[in-house]
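User: I'd like to learn how to read a protein–DNA model like this one. Could you take me through it, feature by feature?

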Protein chains: 2
Amino acid sequence: MTDFNAKDTEYLSKLQDYYADWKSIPSYARLCDIFGIASKSWVKTILTRLGDADFIERTPDGAWIPTRQFFARPLAESTVQAGMPVSVTATQGDFFVIDEMLIDTPSKTTLITVKGDSMIDAGIHDGDIAVIEKRMTANIGDIVVAIVDDDFTLKTLDRENGAFILRPANPAFPIIRPQGTLEIFGVLTGLVRKYRR
Amino acid sequence: MTDFNAKDTEYLSKLQDYYADWKSIPSYARLCDIFGIASKSWVKTILTRLGDADFIERTPDGAWIPTRQFFARPLAESTVQAGMPVSVTATQGDFFVIDEMLIDTPSKTTLITVKGDSMIDAGIHDGDIAVIEKRMTANIGDIVVAIVDDDFTLKTLDRENGAFILRPANPAFPIIRPQGTLEIFGVLTGLVRKYRR
DNA sequence: TTGACAACAGAACGAACGTTCTTTATATTG
DNA sequence: CAATATAAAGAACGTTCGTTCTGTTGTCAA
């Protein structure tokens, strides 16, 4: 295996430019045009090298896809002054970084606007947007969206004397002790808040 | 051209889930497996329909890529009555992408992991991710990231006797009264929290 | 009960694809 | 200057891809 050098960096940026436009990595033949190269085999060598350097990787189907590092900006925001204990995570990824972080299974994920202050001690405020993964089972301690009296409610799932209860995070609200079955709509997997500007 | 129906929504979900895993749209043959369908020609019909509905589009090379709408999530209203538990249908309600909601100016936005409990009464917890728009000016009442003693700190900007102060949202922490200039790194425009699952 | 249409299945095919192997030109290095 | 590594070209090939066309099945309204 050879080293990653300046030429490869040039090819990488051409690939990044194409990807920025089309959000996909094209065929070797197409990459010949993009790289200004005449042979597919050499394109493959380059991509393999970019893969070794962890800028791209392959799906189980063999298709090339970008990795996190592919989106990392060269030295864009090193404006950070010396000595900072707080980790400033570089804003890698062009788009959809937050979505990607919060949503594992798009088809099972719903966003629900939080109403009321019943979970305020858990740092969940009125107007926040809850990221909910829809499923019917949850673990004790999970914050769940349950359906109680035809109403959605966001509470912590707990157990009391063998029965499930819904515990608010606000002493001003009562613990909900559902009679009969407790229908769970989904589990809280993320929270999003937007500050007016 | 035929209508976009419930079956198509189901196929879209499966495609979204695959894409969330592999960040690419595979070949028709592979999509046969994913969709549970035996003929490539029918897969093409479906993708064409998803294209007509503007969930995916083609590159000049003919490859399918997702559009913005592909990533949008449904936003349910908390006042929605139950009864229709799994109404994932694209019929009504707002759809949006979390990143686009929180980030207006990507080049000026950075994500910072919050450390400590000094803003806990504002619902900002240790480990939360703050969405910061970098700029040097802020208004009274804004939550800002300021640089104090070569240290990043997240506090509410306030004024006291004509001087700027940084007010924590936790009585256990002191108000910061910077002598001399107060350097503002950016303003808090969003907050993201991820719950372990 | 028939006819139309939507939802698939399946075959057929040429073009495109990725891979491998061989060859050649250009630097590098000792 | 010779040995060697890198950068690239090019051909050859079996596989896979997308496309098109033709069939089959189920549904539903007239």
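Analyst: Gladly. Let's begin with what "near" stands for: a residue is near a molecule or strand if its C-beta atom, placed from the backbone, lies within 6 Å of it. Keep in mind that this is a predicted model.

User: With that cut-off, how many residues surround DNA strand D, and which are the closest?

Analyst: DNA strand D is surrounded by 17 residues. The closest are A38(A), S39(A) and S41(A) from one chain, with S27(B) and S41(B) from the other.

User: Which elements supply the surface near DNA strand D?

Analyst: At least two residues each come from α3 of chain A and from α2 (28-35) and α3 of chain B. By class, the surface near DNA strand D has five nonpolar, seven polar and five charged residues.

User: Let's move to helix packing. At what angle do α1 (residues 6-22) of chain A and α3(A) pack?

Analyst: The general idea is to compare the N-to-C directions of the two axes, and angles of 65 to 115 degrees count as roughly perpendicular. In chain A, the angle between α1 and α3 is about 95°, and the axes are 10 Å apart. The helices α1(A) and α3(A) are therefore roughly perpendicular.

User: Which residues make that contact?

Analyst: From α1(A) come D8(A), Y11(A) and L12(A), and α3(A) brings I46(A), R49(A) and L50(A). Sorted by class, the contact of α1(A) with α3(A) has four nonpolar, no polar and two charged residues.

User: What is the packing of α1(B) and α3(B)?

Analyst: For α1(B) and α3(B), the angle is about 95° and the axes are 10 Å apart. That makes α1(B) roughly perpendicular to α3(B). D8(B), Y11(B) and L12(B) of α1(B) meet I46(B), R49(B) and L50(B) of α3(B). This contact of α1(B) with α3(B) divides into four nonpolar, no polar and two charged residues.

User: How should I read the interface between the chains?

Analyst: The size of an interface is often given as the accessible area lost when the parts come together. Here we can count residues in contact instead: 53 residues of chain B with 56 residues of chain A. Several elements of chain B each supply at least two residues of the side that touches chain A, among them α1 (6-22), β7 (143-148) and β8 (151-160). The largest share of that side, seven residues, comes from β10(B). The side of chain B that touches chain A comprises 25 nonpolar, 15 polar and 13 charged residues.

User: Which strand of chain A is joined to β3(B), and how do the two run, parallel or antiparallel?

Analyst: Strand β3 (residues 109-113) of chain A is joined to β3(B) by two bridges, and the strands run parallel. Within this pairing, L111(A) stands opposite L75(B).

User: Finally, how many helices and strands has chain A?

Analyst: Chain A has five helices and eight strands. From the N terminus, the order is α-α-α-β-β-α-α-β-β-β-β-β-β. Of the 197 residues in chain A, 29% are buried.

Note on methods. Residues numbered from 1 in each chain as written. Chains lettered and ligands numbered in written order. Predicted model: local features only at pLDDT ≥ 70, side-chain atom pairs only at ≥ 80, totals over all residues. Contact = placed C-beta atoms within 7 Å. Helix = DSSP H or I, 4+ residues; strand = E, 2+ residues; numbered from the N terminus. Nonpolar A, V, L, I, M, F, W, Y, C, P; charged D, E, K, R; others polar. Pairing = 2+ DSSP bridges. Axes fitted to C-alpha atoms, helices over the stretch in contact; angles between N-to-C directions. Parallel < 35°, antiparallel > 145°, perpendicular 65-115°, else oblique. Buried ≥ 20, exposed ≤ 12 C-beta atoms within 10 Å, placed from the backbone.
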